[in-house]
Amino acid sequence: LGSEAPTILDSSIIPVNLKFVATLGNRIVMGGGNSYPTRIFFSKPYRPEQFGAADFIELGNRDGGEITGFIPYNNLVLAFRERGIDALVPTQNPDTPFYAVPVYVGLGTFASKSAVVIGGLGVIFATAEGVYVFQGNFSGGSEVSMMKISDQIGEDYARVSPYSLARASAIYDAQTQNYLLSVPVDGSAYNNLIFAYSTTANSWTIQEGIPASCFTTSREGFTL
């Protein structure tokens with residue numbers, strides 16, 4: 001005895017080389033990679049191992065390039081792309097549980113590890129053009145906004161090595177209320193400078209010569 005196996009349409013094989021993953025509601029969201037660089041796959045509800053044959057959204061029908069990362073925020077998932085940003089938004093329809101909407105066309109990022117959700121502020125992330133903050137959602141007639149916050153460090157940010165920006169890493173230090181962004185500058189292939197943005201003072205400081213490739217927070221709440 002046992003439950004009936006799912007049909008081929010209800011459970012299909014997904015590519016093994018998908019690069020990015022996130023969660024939204026009770027589903028797993030995956031995408032990017034060599035096989036389907038602009039496609040987002042999503043699982044069945046409460047079944048993270050089960051993906052239906054039609055359970056995907058293709059972003060390649062509009063300009064933006066390949067998917068470069070995901071970050072969940074405010075009941076949506078931001079899908080970063082090479083030349084754009086899309087949002088995966090939930091619906092109330094179980095047959096079409098999500099739809100994708102372009103958030104920004106012409107501005108994308110390879111630095112998905114720079115994206116950090118900060119409560120009361122939004123998602124801060126780095127691009128080759130500067131650092132931006134995304135706010136809002138698409139629920140109930142709400143609006144979204146995206147604002148550049150790095151103008152005051154324009155000259156220093158111009159030193160960032162665009163071809164190595166995918167190595168950028170970031171964290172929010174809750175004790176100091178600073179967003180710490182580690183990036184490669186002056187042609188370096190590795191991170192060697194930290195931009196620190198004070199979310200309370202709306203100001204930046206710079207720390208040179210620190211090769212931070214990743215961050216974490218200790219049990220005591222210290223940023224390492």
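How many bridges pair S9 and S10, and in which sense, parallel or antiparallel? In this predicted model, the two strands pair over 3 bridges in the antiparallel sense. One of the positions involved is Val116, whose bridge partner in S10 is Ile124. S9 and S10 belong to an open sheet of 4 strands, arranged in the order S9-S10-S11-S12 with antiparallel pairing. Its edge strands are S9 and strand S12 (144-148), each of which pairs on one side only. From one strand to the next, the twist averages 25°. Strands of a sheet pair through backbone hydrogen bonds, in either the parallel or the antiparallel sense.

Antiparallel pairing is also found around strand S7 (residues 84-90). Strand S6 (residues 76-81) pairs with S7 over 5 bridges, in the antiparallel sense, and a hairpin of 2 residues joins S6 to S7. Within this pairing, Ala79 has Asp86 of S7 as its bridge partner. Gly84 stands opposite Val105 in S8. S7 is mostly covered, with 6 of its 7 residues buried.

Strand S13 (residues 169-173) is joined to S14 by 5 bridges, and the two run antiparallel. Ser169 has Ser182 of S14 as its bridge partner. The hairpin formed by S13 and S14 has 4 residues between the strands, and Gln177 in the turn has a positive phi of about 60°. S14 is also joined to S15, through 6 bridges in an antiparallel arrangement, and Leu180 has Ala196 of S15 as its bridge partner. Of the 6 residues of S14, 6 are buried. Both faces of the strand are covered: Asn178, Leu180 and Ser182 are buried on one side, and Tyr179, Leu181 and Val183 are buried on the other.

In soluble globular proteins, nonpolar side chains tend to be buried together. Beyond its neighbours up to four places away in sequence, Phe195 touches residues including Ile153, Tyr157, Val160, Tyr179, Leu181, Val183, Trp204 and Ile206. Asp156 and Thr205 are also among the residues that Phe195 touches.

Phe195 is likewise part of an aromatic cluster, in which ring pairs link it with Tyr157, Tyr197 and Trp204. Across the whole structure, 10 aromatic pairs are found. One of these is formed by Phe20 and Phe70, which are edge-to-face because their planes stand at 75°, with the ring centres 6.4 Å apart. The pair links distant parts of the chain, since Phe20 lies in strand S1 (residues 20-24) and Phe70 in strand S5 (residues 67-73), 50 residues apart. Phe20 is buried at 17% relative accessibility, and Phe70 is buried at 12%. Tyr36 and Phe41 form an edge-to-face pair as well, with 5.8 Å from centre to centre and 75° between the planes. Here Phe41 is buried, at 7% relative accessibility, whereas Tyr36 is partly exposed, at 34%.

Two polar residues in loops are also buried. Asn191 lies in the loop between strand S14 (178-183) and strand S15 (193-198), and has a relative accessibility of 5%, so it counts as buried. The side chain of Asn191 makes a polar contact of 3.5 Å with the side chain of Ser182. A polar atom of the Asn191 side chain also lies 3.0 Å from the backbone oxygen of Ala212. With neighbours within four places in sequence left aside, the contacts of Asn191 include Arg167, Ser169, Val183, Pro184, Ile210 and Ser213.

The other such residue, Asp55, occupies the loop between strand S3 (39-42) and strand S4 (56-58). Asp55 has a relative accessible area of 10% and is therefore buried. A polar atom of its side chain lies 2.9 Å from the backbone nitrogen of Gly52. Beyond its neighbours within four places in sequence, Asp55 is in contact with Ile40, Phe41, Phe42 and Lys44.

Note on methods:
Residues are numbered from 1 along each chain as its sequence is written. This is a predicted model: local features need pLDDT of at least 70, side-chain atom pairs count only at pLDDT 80 or more; totals for chains, interfaces and linings use all residues. Side-chain values use heavy atoms; hydrogens and water are left out. Buried means under 20% relative accessible area, exposed over 50%, partly exposed in between (1.4 Å probe, protein chains only). A polar contact is a pair of N or O atoms within 3.5 Å; within protein, one must be able to donate a hydrogen and the other to accept it, and residues adjacent in sequence count only if both atoms are side-chain atoms. Contact means heavy atoms within 4.5 Å. Two strands pair if DSSP finds at least two bridges between them. Axes are lines fitted to C-alpha atoms, for helices over the stretch in contact, and angles run from 0 to 180 degrees between N-to-C directions. Rings of Phe, Tyr and Trp (its six-membered ring) pair if their centres lie within 6.5 Å; planes under 30 degrees apart count as stacked, over 60 as edge-to-face and the rest as tilted.
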